[in-house]
Amino acid sequence: MIGTLTKLENPFLNAFSRAEELANQGPAWLRELRKRGLDAHQGLSVPSQKEEEWKYTSLRRMSQMELEAAEPGPAVFDQDLPTAGDGSIRVVLSNGRFDRNLSTVTTTPGLKVTSLYNAIIENEDFVSRYLGKIAPIADFTFAALNTSLFEDGVVVHVGKEASVASVIEIVHVTSGDGFVASPRCLIVCEEGAKATVYESYLSDREGESVTLPVTEVFVASGADVEHVRFQDESMKSHHIGLWQVHQAGDSEYRSYNVAFGAALGRVDQNIYLDGEGVTTRLDGVVIAKGTQVLDNHTRLDHACPNGNSFEIYKQIIDDEATIVFNGKIFVHQDAQKTDAKQTNQALLLSPRATIDSKPQLEIFADDVKCTHGATVGQLEDTPMFYLRQRGIPEKEAEALLVYAFAAEVLELITDESIRDFLEAKLYEKLSGVPGRIS
């Protein structure tokens, strides 16, 4: 374990009293889970850059804050949401709490969507079977803190062989100043189920807050799940999330991480491929401007034979921003016939921008096909020349090339409404981008 001398000041001390109160409430299994979370966080504290997993991302600014546990309140945001059509399913979590006034949950065969608070009361056996079972709180200090602080969240349960046509939309909104919000999501897709889940993270533009979300996803045998995560919080906010997935045999799980917002944003996404015949996508589009720091750590664990995984991360870095990518693929000894491909591509638009890319591949089986690679570059002169020859102004031509670079990943999203919305957001984010290093 890293010595305590490497830790920063803990900005969450004011929230501990609330965590201690919660550790004395609810059923025994929940009290024990919360206590383990608080103990783990107090032992790990806030990491510094002396720790390998945080080598390129400084939490010093956050460590200087004094944060209270978030209070309930109305969701405040000024961003467009995808148009919700007939039969829509939309859950809004305000500071981690289910907002019934803004949520729309229609009755859908085979689907149960409810607040985590109510689910614990109404269906305790089901929640206790899954909640906290795969999130590794002993290793992730902020997931441990979330575990001690969450008071509500959402439970999505897609039943056996159920096919949900509508997008299941979960909107996380963090409001206020000096708060830490701890939203918790539990998504369970039973055998043969089919569903699309869209999570978005927003915040008000004035408050300086911290969001520590944890999402646990269980994909049973034969299930088919598409899961999109969009983070577009304010440039004053801090966002540190854990996205943990357990995938059973013959299932397909396609995930897309799109990150545009936050002064500091980090997501650890871990997928455990625990069965034969699994197919997994783990893709991302990350854009950082100004002085943003956006950090993505991914991990794919191939534990069984005949698994396939495909990962493409595309990143655009402008101004004095920093992007970190650490992509790990582990092929366990029994995972013969694994096919795993990882690609990380970064586009630098400023001489002051920084990319720290660290692809990792560890193979303990001998009959596999595994590749990984990372490239960092600028816009190429040849396509720019052809666009200029067709009368397109230089700035517009540069923006088109940058857009095309990132949109290649978004085009993989199968749901048209989500894809169109994110492509529009991408174009909006890139408008006015300078383009090439001068």
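Predicted model: local features only at pLDDT ≥ 70, side-chain atom pairs only at ≥ 80, totals over all residues.
Student: Which side chain does D367 meet in a salt bridge?

Tutor: Let's first place the two partners. D367 lies in the loop between β22 (354-363) and β23 (369-377), while its partner lies in the loop between β20 (322-331) and β21 (339-348), 30 residues apart. The N to O distance is 2.8 Å, and the partner is K337.

Student: How many residues apart are E208 and R61?

Tutor: The side chains of E208 and R61 meet in a salt bridge, at 2.7 Å from N to O. This pair links distant parts of the chain: E208 sits in the loop between β10 (194-203) and β11 (210-211), and R61 in helix α3 (residues 60-63).

Student: Is R61 buried, exposed or partly exposed?

Tutor: Buried would need a value under 20%, and exposed one over 50%. R61 has a relative accessible area of 42%, so the word for R61 is partly exposed.

Student: What separates E21 and R18 in helix α1?

Tutor: Their side chains meet in a salt bridge at 2.7 Å, N to O. Both belong to helix α1 (residues 16-22) and are 3 residues apart, so what separates them is about one helical turn.

Student: Which residues are linked with R18 and E21 in a network of salt bridges?

Tutor: The structure holds 22 salt bridges. In the network, R18 and E21 are linked with R97 and E151.

Definitions and conventions. Residues numbered from 1 in each chain as written. Heavy atoms only, no water. Salt bridge = Lys/Arg side-chain N within 4 Å of Asp/Glu carboxyl O. Helix = DSSP H or I, 4+ residues; strand = E, 2+ residues; numbered from the N terminus. Buried < 20%, exposed > 50% of the residue type's maximum accessible area, 1.4 Å probe, protein only.
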